[in-house]
Amino acid sequence: MISVLILTLALSVFTYFVFFSSSRASSETWLVEAEKYTVSGVLEMVKQSINNMTKTNLDVAGLSTEAYKRELSKRSELMSALKRCVHGSIKDKRFVKDVIFDILDNSYITESTIDDVIPFTSAQRLSVIDQFDILLHKYKSNYGKEAFSKLVETYQLDKIKTTAYEKGAQAYVISQADIKAIYNKEQIYLSYIDKLQILTQRIYQAYKGFSVIDELRDMNIDGVSGGVSGLVEDDGSDIGIMNQLGKLPQSYESVWVFYKGKSIHLSFLSFGSYNELKRVCQNIYRYNNPGMLSQNVGFKVNDMIDGSRVVVVRPDFSESWAFFVRKFHLNHVTLDMLIKDENCQLPIGLIRYLAKGGRISSITGSQGSGKTTLLMAMVSEIYGTLTLRIQEMAFELHLRKLYPYRNILSFKETSHISGQKGLDVQKKTDGSVNILGEVATDEVAAWMIQMAQVASLFTLFTHHAKTARDLVLSIRNSLLKCDVFRDEKIAEEQVVNVLNFDIHLTRDYSGKRFIERITEIVPVNDELEYPEEYRDATSEMAMQQFMSTMTVFFKKMTDKKVYEARDVVRFEDGRYISSQPISRIQQEAMKELMTLEDASAFEEFVHKNWEGQDHEYTSTDVDVIS
């Protein structure tokens, strides 16, 4: 009896395990099949395939010597491309995508199965990101790097809108509704090759690319950023603002593009998770090994292979992971291409002669106003016989790519070489013109003054000052903070003795960029003289003369007029107008550095635009800033 019970129990256990094992195997098989035709499943297959291509032991493959060398060369090229494509190299990105395309085309992806991965044939089943990828692919096929710009222009997506998120608030935003409406209107036909290319891009951006901003980053836009809006990861508090719109956006659902001076929120795009946003932030800045981003080092500023500038921040330095990519188009821009409004030849001509006349000039304005682009164009007006030396925080100007036949060398500060040491080296490199990419810190402001005084024929630089007075005071304060000077007036005198002109750019609410003013900064000689009548005066009169002397002294120390800021060109009512004339001393100094032909043309330019105006300063026609 006992033996029967034991046998029955054993049979039951055996039956249970057989059934359970078969069920689990069946379940696992079903899961594999279910994941096979998903983006994540295809991604894993591609990763495994590329891993096999780069790590297979060729020595045991039985290849001939020629075939061995060929396969080794292919492997080396692929491994190099895999490393460089994450740094913004379009060439290497294209190579890796070609490899992924071949893997997909030679695997289980066919014309009949590709729609199982992305439902191309069903607009209702396509996500808004799928639709955007399809739209961008179509426009890229026709317009290349202008694809996004063409899409925006065609459907006027850069127009300001009243948002549904905040009552009465207006913003630049491209919504899900916008993309769906455009997709339905376009009626796009996709061939199998088109579908495979779109899937290839989707796999690439999840594998080695920058997620949903990967293709956007390559477009001819001013920049793209992520993680700059929405709730942060650890924000689990009930903030009491949930409303009928439902769930509030998270930081990983934040993608913004900077397009023609406008910050446009692509509210339909999302990185999908905090981890994906973090992955992009951790990879996008790594070109040339700038060091690790950590809690102790909460930000990194670097450039990418294509010349883009990237800034990445992370907690605890910032409230969330975020990145900012600024694009600097390396097309050969000219002043005529940038300055377009009525009577534009006035500022174009003056800027051209400032470069030829060797004037120390600042280009000021807010972020996105076009300072760097104008500086690039201004370089083309500098005489080709002059050598250029550039000091930057991160390589942005890339002037050698624009002017490969000119004598140009750029430097940047590193963790081991300070900007001051870099400047000291520049003084020994036969530089005629020094260019500072951006005067953004006190130390850089001090370098600029040094460079302008002793290191070069003249200097060009950019700054974020709003007015000429702000520019002078900012640089003056920087000199004081760096202990270059201790007296405010002496420091200010040094600044105004260095600066000649300020070209101020602005960007209005609609994103339109223009030159607001071109201002001449002129030092003013001290006209107050100390009285000396006390020499022959009585003791009573001597006391009065002493008091007069002290009055003059305190006026010199407190009310001394250090410089005069004079707007020579202004932008008013949609056109450029000549305002106050350029001083004689600047005109003569400029002509001394010009060719005879340019000097003659400059005289004619001044006569035409400021004819009949007094070119000397008086106390009545100058806005005094002290």
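Which residues of helix H7 are buried? Hi everyone, let's start there. Helix H7 covers residues 147-154, and its buried residues are Ala147, Phe148, Ser149, Leu151 and Val152. Buried here means under 20% relative accessible area, exposed means over 50%, and partly exposed is in between, with a 1.4 Å probe and protein chains only. Helices (H or I, at least four residues) and strands (E, at least two) are DSSP runs, numbered from the N terminus.

A quick word on the model. It is a predicted one, where local features need pLDDT of at least 70 and side-chain atom pairs count only at pLDDT 80 or more, while totals for chains, interfaces and linings use all residues. Residues are numbered from 1 along each chain as its sequence is written, and side-chain values use heavy atoms, with hydrogens and water left out.

Back to H7. Its buried residues are covered by elements including helices H6 (128-143), H8 (176-186) and H10 (214-218), along with strands S3 (173-174), S5 (255-259) and S6 (262-266). Contact, by the way, means heavy atoms within 4.5 Å. Just after H7, Gln156 takes a positive phi of about 50°.

Two other residues share that theme. Ser211, not a glycine, has a positive phi of about 55°; it lies in the loop between H9 and H10, and at 6% relative accessibility Ser211 counts as buried. Lys260 has a positive phi near 50° and lies in the loop between S5 and S6. At 45% relative accessibility, Lys260 is partly exposed.

Now, helix pairs. Two packed helices are described by the angle between their axes and the distance between the axes. The axes are lines fitted to C-alpha atoms, for helices over the stretch in contact, and angles run from 0 to 180 degrees between N-to-C directions.

Take H4 (residues 90-105) and H9 (residues 192-207): their axes come within 9 Å and cross at roughly 120°. That makes H4 oblique to H9, since angles under 35 degrees count as roughly parallel, over 145 as roughly antiparallel, 65 to 115 as roughly perpendicular and the rest as oblique. The H4 residues in this contact include Val96, Ile100 and Phe101, and those of H9 include Leu196, Thr200 and Tyr204. By class, the contact of H4 with H9 has 11 nonpolar, three polar and three charged residues. In that scheme, Ala, Val, Leu, Ile, Met, Phe, Trp, Tyr, Cys and Pro are nonpolar, Asp, Glu, Lys and Arg are charged, and the others, Gly among them, are polar.

Thr200 of helix H9 is worth a click in your viewer. Is Thr200 buried or exposed? It is buried, with a relative accessible area of 2%. Setting aside neighbours within four places in sequence, Thr200 is in contact with Lys97, Ile100, Phe101 and Leu104.

Our other pair is H21 (residues 584-592) and H22 (residues 596-609), whose axes come within 9 Å and cross at roughly 155°. H21 and H22 are therefore roughly antiparallel. Gln587, Met590 and Lys591 of H21 make the contact with Ala599, Phe602, Glu603 and Val606 of H22. That contact has four nonpolar, one polar and two charged residues.

Last, a backbone detail: a cis peptide bond joins Pro315 and Asp316, with omega about 10°. Asp316 is in the loop between strand S8 (309-313) and strand S9 (322-326). Thanks, everyone!
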